[in-house]
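My entries follow in the order I made them.

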Amino acid sequence: MAPPSQLAIATSAVNRLVKEEASYHKELEQQQARIEKLKQAGSDDENAEWNMKQENRALEETKAMFPQLRNRIQESLAKLEQQLVSLINRS
């Protein structure tokens with residue numbers, strides 16, 4: 001079996017990063033729902049404040065991933081475009 005072409009590799013990288021971004025968006029929604037649920041519960045549990053703090057920290061960490069991920073997607077798209085231009089120029 002022949003190794004994948006540079007074009008196939010670049011395309012796969014973009015697809016993977018887009019799926020990863022979708023996964024982070026889904027995780028963000030789930031975390032927001034958990035935080036809202038904790039707020040609604042208004043528990044007097046001594047761990048409630050700690051749980052809320054942990055959920056908020058996780059939410060902020062997830063939000064922090066988006067700029068990095070968008071940069072990686074842009075870089076991968078640029079590489080893919082270069083591969084396409086190279087392929088067109090060879091034809």
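I began with a polar contact: the side chains of Glu55 and Arg34 meet at 3.1 Å. For such a contact I take N or O atoms within 3.5 Å, one able to donate a hydrogen and the other to accept it. The model is predicted, so to speak of local features I need pLDDT of at least 70, and for side-chain atom pairs 80 or more, while totals for chains, interfaces and linings use all residues. Residues are numbered from 1 along each chain as its sequence is written, and side-chain values use heavy atoms, without hydrogens and water.

I placed Glu55 in helix α2; helices are DSSP runs of H or I, at least four residues, numbered from the N terminus. Leaving out residues up to four places away in sequence, I found Glu55 touching Arg34, Ile35 and Leu38 (heavy atoms within 4.5 Å).

Next I looked for aromatic pairs and found one. The ring centres of Tyr24 and Phe66 are 6.4 Å apart with planes at 70 degrees, so I logged the pair as edge-to-face (centres within 6.5 Å, planes over 60 degrees apart). Tyr24 sits in α1 (residues 6–41) and Phe66 in α2 (residues 48–90), 42 residues apart. I noted both Tyr24 and Phe66 as buried, meaning under 20% relative accessible area with a 1.4 Å probe, protein chains only.

Last, I checked the packing of α1 and α2: the angle is about 160 degrees and the axes are 8 Å apart.

Terms used
Rings of Phe, Tyr and Trp (its six-membered ring) pair if their centres lie within 6.5 Å; planes under 30 degrees apart count as stacked, over 60 as edge-to-face and the rest as tilted. Helices (H or I, at least four residues) and strands (E, at least two) are DSSP runs, numbered from the N terminus. Buried means under 20% relative accessible area, exposed over 50%, partly exposed in between (1.4 Å probe, protein chains only). Axes are lines fitted to C-alpha atoms, for helices over the stretch in contact, and angles run from 0 to 180 degrees between N-to-C directions.
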